[in-house]
Amino acid sequence: LDSDWLARSASGGTAAIAAVLPTLNATNLGRGRNKIYVRGIADSSFNGPTQATVGQYLGDVRLSYNAPDPDLNLYDLDRVEVLAGPQGTLYGAGSIGGIVRLVPNAPDSSSAYASASVGVSATRFGGVGGDVAAMVNLPLAQGRMGLRIVSYGAREAGYIDDPGRKRRDINSGHNFGQRLVWRIDDVAGWTVDVGGVYQRIRSDDGQYLLRGEPPLERRNSLSQPFGNEYHLAYVTARRPMGRGELVSTSSVARQDLSTVFDATGTGASEAPRRFEEQNDITFWSHETRLSGGGAKTPWVAGLAAIHNVSRVSRWLGPPDAPEQIAGVRNSQLELALFGQATLPVTRSLYLTMGGRLSMGCGAGRLVGDGSDGPEETSRRRAQFATTVALDWRLSPSLSIYSNYQEGFRAGGFAVAPDGSATDSEEFRSDELSQFELGVRWRDKDRDPLSLRVALFAVDWYNVQADLVDEAGLPYTANIGNGRIYGLDGEIQWRATPSLTLTAAAFLNQSYLYDVPPEFGEPNRNTLPNIPDDGLRLEVAWRTQLARKTSLTVDASFRGFGKSNLGVGPLLDVSQGNYGVVNIGARLGFPRFGLSLDISNLGDTRANSFAFGNPFGLAGRNQMTPVRPRTIRLGIDARF
């Protein structure tokens, strides 16, 4: 990642990555509560007990299992890797859509230095926000031990008013976090990293509107705050093994999610009613792998284990004394052996084969009314995910490839759709396979002109989805089988040493079949949230104004096609069909830089990819607008 881009964009988190990668999409529920998708592998807009479709990592550490995107700040990262899925062979359950891997800069035991970034932003029709981030690198023992600390915080300005409660900018939010890594070199040949992450996200209210109301206004009986508190601790040890490397990582993550919705009008009277959900998740993960073979013929083999426990508690009733209703506790255990290797068939043709054998089981029980129900255990399952790929390297700059990949998600238990305190339902595991054919021509980091194009087809069986019933209460079900056909590509042209032009686009067609009757007619439902097409154009210009002074200017357009909120008549709500223009500039000096960025330059008004309040979905009048035009002034420095 370019350090200049990070200084300007790190506070945006996952949204900043999605802004430059059209195949990476996310819902727009608000920071810390979004679901992310790669290449149209999308199940629903809602958060529930289903496992995420995209696996997220910080270095070698898995961040979560069945939680929304933790949305970590990107400051002081070395790079971001996005792998299209399924990636079941190397990454196991929950990577059917792909992988997003944040790779932080490692501690440096040779010298002490620091960096910092500060920004102030203003949103049209809204308030003033700001962000700050800093990194300190300390050598604790020269050449042997180092410590790297990153700390950050931000306030996001609200832009929606509630005249009924006489409140302005109700959807403002803030976040604060820290990352720490302590590296010890050469412990009996091992390099050991001990690290931790803490992040807290709070939003004051939802960021949706109601059609028919004045622009950027919404009336509610009460506030609808959200909170996401994330803790992670991990140990990673690595050492050379001949021409290969042995890596072992163990981690534990804790994520506490709290959500409030205005449920007024859902009971026998019109008196204010409050729905509150608390989801407490503990996730243990371990992986040990041995890899080698070099760049042309890499191989890897290893073992992995995960254990995830989530407890969802819910309350519904008067704002000052809501009553506890049915919730659910789920636990999942998975053990796996995996391996993958690339071998030359001829001098120009390479074959990759791999497999992952997973053994798992789950258990769940209803919780609520002060007592827990009997535990139900799912059947033990054995699943095998395979990868087969061919790479035909016609020349050093041109290759044609094809691959077949598989992935899966485990099943679990959820509250029945009627919200009963005595009934639960088991949702089955789902499986996904993908065939891809692509072409790569030249390297965009080295060559003036480069091209990448891929065609893919996906079969998705027993699609899991988190949904809401007609009363507005969450539940989970298998919604049928799905097919996705897609095309994505990117072309980059470095027209001059200073000017670079980039165009990226995708086409995506999906449909569901074998759909249960309650979800509508078969072959008429598309998978939710993902637009059927998208485009990103960028112009970037960089020049030296003086020997130690540089100027960078960039402008981009991101366009989205149409999609639907979800599956079934209740969720058949149109989204998308809009475009956003962003521009920015940075004036760089040897040790500091000044930047100006304007997002949503044209102040686009459209319904983005999200829902607002599940208790009001039956009105079909909710929309989640794109954040109005926002201007940020920033300064970054290195010490």
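Biologist: Which residue in β6 does L77 stand opposite?

Modeller: This is a predicted model, in which local features need pLDDT of at least 70 and side-chain atom pairs count only at pLDDT 80 or more, while totals for chains, interfaces and linings use all residues. Residues are numbered from 1 along each chain as its sequence is written, and side-chain values use heavy atoms, with hydrogens and water left out. Strands are DSSP runs of E with at least two residues, helices are runs of H or I with at least four, and both are numbered from the N terminus; two strands pair if DSSP finds at least two bridges between them. β5 and β6 (residues 98–104) pair in the antiparallel sense over seven bridges, and the residue opposite L77 is P104.

Biologist: What is the bridge partner of S117 in β36?

Modeller: Strand β7 (residues 113–123) pairs with β8 (residues 128–141) in the antiparallel sense over ten bridges. With β36 (residues 630–638), β7 pairs in the antiparallel sense over nine bridges, and there the partner of S117 is D636.

Biologist: How many residues apart in sequence are the parts that the pair of Y57 and Y91 ties together?

Modeller: Rings of Phe, Tyr and Trp (its six-membered ring) pair if their centres lie within 6.5 Å, and planes under 30 degrees apart count as stacked, over 60 as edge-to-face and the rest as tilted. The structure holds ten aromatic pairs, among them the edge-to-face pair of Y57 and Y91, with 5.3 Å centre to centre and 65 degrees between the planes. Because Y57 lies in strand β3 (residues 54–58) and Y91 in helix α3 (residues 88–91), the pair ties together parts whose separation in sequence is 34 residues.

Biologist: Are Y57 and Y91 buried or exposed?

Modeller: Buried means under 20% relative accessible area, exposed over 50% and partly exposed in between, using a 1.4 Å probe and protein chains only. By that rule, both Y57 and Y91 are buried.

Biologist: Which ring does the charged end of R218 sit over?

Modeller: A charge sits over a ring if NZ of Lys or CZ of Arg is within 6 Å of the ring centre and within 35 degrees of the ring normal. The charged end of R218 is 4.1 Å from the centre of the ring in question, which belongs to Y208.
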